[in-house]
Amino acid sequence: MNMFSRVGSLLFKLDRILASSGLAFSGSEGVLLSFLFHGLFDDLEDSVAGPQQGFTVEMFESFVEYFHRHSYTFVSPNEIAHGLDSKGKYVLVTFDDGYYSNAKALPVLERHGIPAALFVSTDHVLQGKAFWWDVVERESLKRRMSQRQVNQVYESLKRLRTPDAEAFVQAEFGPRALRPLGDRDRPFTLPELRDIAKHPLISLGNHTSNHDILTNYSATEIRAQIETAQEIISSIIGKAPDFIAYPNGEISDVILEAARSAGMQFGLSVNPGRNRLPIEPGSLEAMKLKRFALTGDSAIEPQCHVSRSLFSLYRATRSVKRSVEARFSPQPA
């Protein structure tokens with residue numbers, strides 16, 4: 001565990017104490033809370049840690065039940081686009097990347113009558129390839145690499161364009177490394193994605209064509225990757241989505257301009273925090289909506305509890321960290 005992880009863990013514990021006091025919930029009305037999930041698993045033994053959060057179906061249902069108990073309304077992207085009551089309390093459920101295991105959420109969604117949005121990397125669906133970070137995770141376990149070593153590989157590959165990151169894992173772990181091992185790490189096939197997109201509780205959103213961390217690309221390339229994904233998703237659902245989830249949460253002025261020019265009115269980051277209502281489509285706030293990412297290695301209810309809190313030491317520290325990283329990261333021409 002690196003220094004920031006240790007500090008983050010301590011701050012999260014302090015946030016739990018603050019949230020438990022009940023004093024931090026003032027002004028909970030007029031808020032949209034958005035939550036980010038990746039893969040979804042039957043049990044902890046089947047789950048993948050690291051990038052996929054290690055979240056089980058049972059944990060997901062606990063999350064849903066928590067917010068139902070506290071009188072939050074679950075909403076779809078379409079409902080957000082049409083405007084929410086500025087005095088309401090809302091939750092948006094999102095799944096990033098396009099893992100087939102997201103289908104495990106359907107029984108929970110149906111049981112509680114709540115919508116969810118799937119943000120899909122279209123090249124992974126069309127080509128049936130695994131995500132490079134899952135390859136790193138499984139191969140590092142085989143090699144008994146330390147978590148510090150794994151984190152170093154993750155961070156170095158995030159600075160590369162997706163084809164270069166994939167070329168690295170194939171060179172390092174073998175030419176067949178990008179073949180999924182099974183349902184827990186594979187993306188939807190195109191027929192499967194078409195099928196689930198017909199479900200009345202499911203919306204599809206843009207996650208670029210190749211899970212491209214857009215700050216690694218030029219303005220022309222950014223537009224192409226967003227627009228290519230728009231075309232594929234439009235061919236599936238009959239219209240172009242107006243929501244995008246930025247891969248790795250990376251945002252810049254160039255990325256915002258490209259997203260808006262492709263028809264986006266809302267964008268989702270990975271910065272944790274509450275979104276105040278009303279949200280004007282296409283506004284800076286709408287294009288940089290905050291999201292919480294719950295993890296399976298900690299009790300679900302306290303994490304949900306902290307997400308409702310008005311103030312968070314952890315969120316404030318993370319925001320500063322990302323701002324510093326963005327300022328000193330090299331930008332492509």
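This is a predicted model: local features need pLDDT of at least 70, side-chain atom pairs count only at pLDDT 80 or more; totals for chains, interfaces and linings use all residues.
Which exposed residues does the face of α10 turned away from its buried side carry? They are Thr 220 and Glu 231.

- The buried residues in α10 are Ile 222, Gln 225, Ile 226, Ala 229, Gln 230, Ile 233 and Ile 236.
- These residues cover an arc of only 135° around the axis, and therefore lie on the same side of α10.
- A handy reminder here: an α-helix has 3.6 residues a turn, so residues three or four places apart point the same way.
- Turned away from that buried side is the face with the exposed residues Thr 220 and Glu 231.

- Just past the helix comes Gly 238, which takes a positive phi of about 85°.

**Gln 225, a buried residue of α10**

- Gln 225 sits in helix α10, and its relative accessible area of 11% is under the 20% cut-off, so Gln 225 counts as buried.
- Setting aside neighbours within four places in sequence, Gln 225 is in contact with Thr 208, Ser 209, Asp 212, Leu 214 and Tyr 217.

- His 211 belongs to the loop between β5 and α10.
- With a relative accessible area of 10%, His 211 is buried.
- If neighbours within four places in sequence are left out, the contacts of His 211 are Asp 97, Ser 121, His 124, Trp 133, Thr 162, Pro 247 and Asn 248.

**How α2 meets α13**

- Two packed helices are described by the angle between their axes and the distance between the axes.
- For helix α2 (residues 57-69) and helix α13 (residues 300-307), the angle is about 45° and the axes are 9 Å apart.
- That angle makes α2 oblique to α13.
- The two helices, α2 and α13, cross in a right-handed way.
- On the α2 side, the contact is made by Met 59, Ser 62, Phe 63, Tyr 66, Phe 67 and Arg 69.
- On the α13 side, Ile 300, Glu 301, Cys 304, His 305 and Ser 307 make the contact.

Methods: Residues are numbered from 1 along each chain as its sequence is written. Side-chain values use heavy atoms; hydrogens and water are left out. Buried means under 20% relative accessible area, exposed over 50%, partly exposed in between (1.4 Å probe, protein chains only). Helices (H or I, at least four residues) and strands (E, at least two) are DSSP runs, numbered from the N terminus. The arc is that of the directions from the helix axis to the C-beta atoms. Axes are lines fitted to C-alpha atoms, for helices over the stretch in contact, and angles run from 0 to 180 degrees between N-to-C directions. Angles under 35 degrees count as roughly parallel, over 145 as roughly antiparallel, 65 to 115 as roughly perpendicular and the rest as oblique. A crossing is left-handed if the near helix is turned anticlockwise from the far one by less than a right angle, and right-handed if clockwise. Contact means heavy atoms within 4.5 Å.
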